[in-house]
Amino acid sequence: MKGVTVTMDEMFDVLIIGSGVVGSAVARELSRYSLKIGVLEKEPDVCCGTSARNSGVLHAGFNNKPGSLMARFCVEGNRGFDEVARELDIPYKRTGKLVVGFTPTDRERLLAMKETGDKNGVPGLEIVDRNRINKLAPAVRGEFALWSPSTAILDPFQYTLGLAENAALNGVRFFFNNEVTGLEFSDGIYHAKTTKATYRSRWVVNCAGLGSAKISAMLGMGEYTIHPCRGEYFVLDPKIGPLLPLPAYPIPNPAEGGLGIHVTPTVDGNVLIGPSSEYIDGDDDYSCTQQAMDLLIKGGSKILPAIKREHFIRNFAGIRPKLTSESEGGFRDFVIERRPEAPHAVNLVGIESPGLTAALPIAGEVIRLMQQVETFSPNHGFNPVRKGITPFRNKTPEQQAELIKENPDYGEIVCRCETITKAEVLAAIRNPLGVDTVTGIKYRCRTMMGRCQGGYCQTRVAELIMQESHKTPEEVLYSREGSYQFTGTVR
Amino acid sequence: MEMIRKRVVIIGGGPGGLAAACELHRKGIRDILVLEREHQLGGILRQCIHDGFGLTRFGQTLSGPEYADRFIDEVKKLGIECITDTTVIDITPDRVITSASASGLLQISADAIVLTMGCRERTRGALSIPGNRPAGVYTAGVAQAYINLKNIMVGRKAVILGSGDIGMIMARRLTLEGVKVVAVFEIMPYPSGLPRNVEQCLNDYGIPLYLSHTVTSINGKSRLESVTVSEVDASLKPIPGTEKEYECDTLILSVGLIPENELSLKAGIELDPRTRGPVVDEDYQTTTPGIFAAGNVLHVHDLVDFVSLEAENLARAVVAYLDGSLPSCGITIETDSSIGYTVPQHISGEKDITLSLRVRRPMKPCTLELWQDSKLLATKTLRKAIPAEMEQITLPVGQLVNTNSVKVVARNA
C-alpha cells in the first residue's frame, strides 16, 4: 500500500512472493483465514509479468495430459469461474472456442484432442463441419474444427486485480517494488530480504513465476531451471472485433512451447493475434521483433484472412516460465510442493499455461498443503465480494445520465477512443492497492488503450496523477521504477 | 433526458468549426450551436505557438493562438452559442447528437450537422516499430501539448522519426528549450512536410535530416535509452547491415495524421480509404443527408488557412441545403495512380468546382489534367508538386460532355 513502511520487527504468518494471478489467488484464498499475510512484488503493480501478457483465454482443459495437475486444475478452474467472476465483478464471456483443421491428418489430431478432453472431463466437445463454423464464426477459415463450448475469454489483468483487491480488502498487505534478494530460515522464521526492507514470516509461498526457480533455490530447492519462452502479440482495432466472436486456434505443434498462433477476441472488443514462440536468454526481455511480427501476420491471416495492417494498434510480448527447454519442447506439469527440507514453504515452479485458468484451484492446493501441518482458523470478516470500476461506455443513455447525476466526473470524457471518463480515471488512481503509474491507470480503466494510444487522454491522465498523488512532473512514472515520463517543467 | 432542437450543430470548435459558424451567421443562420470538448475554443491551434498561420486567410502571419483568436472574437461578437467541456459521444444517421458534460447528458436534434473534429496522430503501434516499450516515446502533437500547454518537459536528448510538419516544428521547439535534437529520420526519399519547415526548423538549427532511414528498434526497459536506425531500400524495407544506434531519452514520432472519424462511422457515413475522411460531394455533404464535413476531419490539410476557407465554403452549402436547394451529385471523380486522393469525390456538373488533391510522389514540372471519356476538360501547369502540399484545380462546368466520371491525372511535363 502507498507509503507503508515496514519495520524489521514486523512479523507475518504468510509471505507470498509474487503478485501475478497465482500469488493474488493464493493471497485472496488465504485471506479466508485469520492470518497476517503480506505479498512481496518486485514490480510497482500486480500482474506485470506472465499473468497479464497472454491471450486472455479461460481454457477448457483438452490440451493437457490426463491425470496431470494442469488438466485437473484447468477443468476445475474453468468450471468454477462463473462464481468468482460474479464475486469479483470482472468482465468475461463464455464464447466457446474453435480449433480449426484443414487436412485428414488434422482431423485425426483433433479427434485425439477431443479424446484427451473427454478423459479430462471437459464438457461438450464436438468435431464440427464447415457449416457449423459458418454459424459460429463465418470469417474464420477451416474445413472442420474441434468445438469447445466451455472455453471463455477474460481480461487477465482485471481478474488478477480483482483477486488482489479482494485480498487487500480482506486484510492482505501488498509491498511493491520489493524484489526478494535472499531468504534465510532461522528459529522457525523466514527472513525475506528485499531491495527495500526485510520481512519476517512463518510461511513462505513461492509464486514468483519467471523468478520461481530463483526463489526455489533460495528455499534450498535448487534443481529447477526456468526456460523463458517469449510470445509476441498484435492488438487490433475493435473495428475488426465483430468478425471474430470467439477464439480460433490452429492445431498445436507438440514440439513447440505454446499452442500455436491464434486469433482471439478480448472482452473489450479488440482482437489479439499471437503468440509467437521463441526461447530467449533473459527473463525480462519483452521486446518485439520484426521476425515474430511477420510470423504473426502470416499465422493470424491464415485463420482470419480479414486482418489488415490498418487494424494494428499495438504490440506486446509475454514470457512463458517453462520447465521444458527448447530441445525438449512441449509442456511439463506444474510443480506444487511442500518438501521435508522446507516444511513451511510451498513451492510453485513452472506455472505456465493454463495457469490463469487454474489459479484458484492451485491456490486451493497450496492451502491444502499448508493445512497438512497447521490448522488455520477462519477469518469471520471475510467478504468474497469486490466491486470493480463502473464503466461509462456501453451503458444506455439513461444509465449514463444517471451516472453523471450521481457523480459529475462521469460527464467528463477523458479518453475519446474508448469513452473513459474522469470518474473512472479517478477511481483507478484511488485504487485499494495505491498504484499511480501511467500503465497502472491504463490497465485499470483502459485509458491510452484505444486507437490513438493516448494522443488525446495522456496529458489529462498525467495531470490527474500529479493532482491526486501530489507528484511533480519528474515523479510521474510510466510503469516500473526508472520509467520517468518527464524531465521537469519547461520554465 | 433533455432533448433540444437546433438548426445547425457544429462538432468541434477549431479553425474549421469556428469559421463555419461565423460564415453561417453571416449568411443569416442564427440557430447555431458549437460543441467543443476542450475547456477553450481554438482546437489544436492553442498549442501551435509558432507563427506562419494566416497568410492566405488574413493576409498576415499569425501564431496559432492569434489565428484562433480571430475566429473566437468573431464568434463572441456575433453571439454564436458555444458549449465547451462537452464531448459528443454519438450521432445517429437521422441527426440526433448525444453529448456528455459534467452537467449531464444532452440530446440535440439538428437540421444539419457540421463535422469539424480534426485529426489524430498515427502512433508507434500503427507502425509496429520493433523493440521495447519504455517511457519517452511521444507523438509530436502530444509532446507539443505537454511543452506548450502543460509546461512539462518530455526529455533531454531527442530523435525525431518522420519529417512531418509537426515533427520539424517540434525539432525547433525542443532545441529552443535546450533539448539536444540528434537527428530527424524520414523513411521516404523526400521530406513529408513543407519545404519551408525543412529550412526554418532544421537547416537553420543545424539539425540533420536523413532521408530513406527509419527506426528499426526502440531500446530501453524503463526509460528510452537509444534507437536503432536503418537505411531503407526503394521498397522501404530496412537494409540489413546499415543499423546504427543513436543514444537518446526521447523519440518523437511525426509519421502522419489520420482524420478523426469515429463519430462519422456511428452516423453511417461512408469513408474514403484514401483520405480516411468522409466521401463528400461538391457541397461537402457526406453520404448521410444533412451531415457535412470540412477541414482535417475530411482530409489532412497542409495549412490551417485552407481548413477555414473550406469550412466557409461548406457553410454556404449548408445554407443552400437548409433552403432545400442542393443539387444531386451523380458525377464521380476518379484518379489514377499519380494522385493520392481528391476532395470532393462527387459533383453535380451544374457549377464550376475546385478540386483539392495531393500527388502521390514528388514531381518536377508537371501538369494536372481532368479528363472525361477522351476529352481533356482542364489542365493546370505546376512548377513542381509534392505530397506534402495540397494542390487545387478548377473544373469548368461548361466543358463536361455527359454525366460519366471525371478522371484526374498528373503527368510529368
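Colleague: What makes the meeting of the side chains of A:D268 and A:R446 a salt bridge?

Modeller: This is a predicted model. In it, the N to O distance between A:D268 and A:R446 is 2.9 Å. The cut-off is 4 Å, for a nitrogen of Lys or Arg and a carboxyl oxygen of Asp or Glu. An Asp and an Arg at 2.9 Å therefore qualify as a salt bridge.

Colleague: What else stands out about A:R446, and where does it lie?

Modeller: Its phi is near 75°, which is positive although A:R446 is not a glycine. A:R446 sits in the loop between α12 (438-445) and α13 of chain A.

Colleague: Which domains does the assignment give for chain A?

Modeller: Domain 1 is 1-92 + 153-226 + 323-388, domain 2 is 97-149 + 229-317, and domain 3 is 397-475. The C-alpha centres of domain 2 and domain 3 of chain A are 32 Å apart.

Colleague: How do you know that domain 2 and domain 3 of chain A are in contact?

Modeller: Contact needs heavy atoms within 4.5 Å. Domain 2 of chain A has 7 residues in the contact, and domain 3 of chain A has 7 residues. The two therefore touch. Together they bury about 550 Å², with 38% of it on carbon and sulfur atoms. A:D268, A:I313 and A:R314 supply 63% of what domain 2 of chain A buries there, more than any other three residues.

Colleague: How many salt bridges and polar contacts cross between domain 2 and domain 3 of chain A?

Modeller: The rule finds 2 salt bridges. It also finds 4 residue pairs in polar contact. On the domain 2 side, the touching residues are 2 nonpolar, 1 polar and 4 charged.

Colleague: Now the two chains. Why is the pair B:E38 and A:R460 called a salt bridge?

Modeller: The closest N and O atoms of B:E38 and A:R460 are 2.6 Å apart. The limit is 4 Å, so this Glu and Arg pair passes. Across the interface of chain A and chain B there are 4 salt bridges. There are also 19 residue pairs in polar contact.

Colleague: How many residues of each chain take part, and how much area is buried?

Modeller: Chain A gives 56 residues to the contact and chain B gives 45 residues. They bury about 4,300 Å² between them, 53% of it on carbon and sulfur atoms. A:R416, A:T487 and A:V490 supply 16% of the area chain A buries against chain B, more than any other three residues.

Colleague: How do you know that β23(A) pairs with β11 of chain B?

Modeller: Pairing takes at least two bridges. Here 2 bridges join β23(A) to β11 (residues 152-153) of chain B, so the two strands pair. They run antiparallel. A:T489 has B:I152 as its bridge partner.

Colleague: What makes β3 and β4 of chain A edge strands?

Modeller: Three strands form an open, antiparallel sheet in the order β3-β8-β4. β3 (57-58) and β4 (92-93) each pair on one side only. A:K93 stands opposite A:I153.

Colleague: Which peptide bonds are cis, and where are their prolines?

Modeller: One joins A:G274 and A:P275, with omega about -10°. A:P275 is in the loop between β16 (271-274) and β17 (278-279) of chain A. Another runs from A:S353 to A:P354, with omega near 10°. A:P354 is in the loop between β20 (345-349) and α9 (355-371) of chain A.

Note on methods: Residues are numbered from 1 along each chain as its sequence is written. Chains are lettered from A and ligands numbered from 1 in the order in which they are written. This is a predicted model: local features need pLDDT of at least 70, side-chain atom pairs count only at pLDDT 80 or more; totals for chains, interfaces and linings use all residues. Side-chain values use heavy atoms; hydrogens and water are left out. Buried area is the accessible area (1.4 Å probe) that two parts lose on being put together, summed over both. A polar contact is a pair of N or O atoms within 3.5 Å; within protein, one must be able to donate a hydrogen and the other to accept it, and residues adjacent in sequence count only if both atoms are side-chain atoms. Helices (H or I, at least four residues) and strands (E, at least two) are DSSP runs, numbered from the N terminus. Domain bounds come from an automatic or database domain assignment. Ala, Val, Leu, Ile, Met, Phe, Trp, Tyr, Cys and Pro count as nonpolar, Asp, Glu, Lys and Arg as charged, and the others, Gly among them, as polar.
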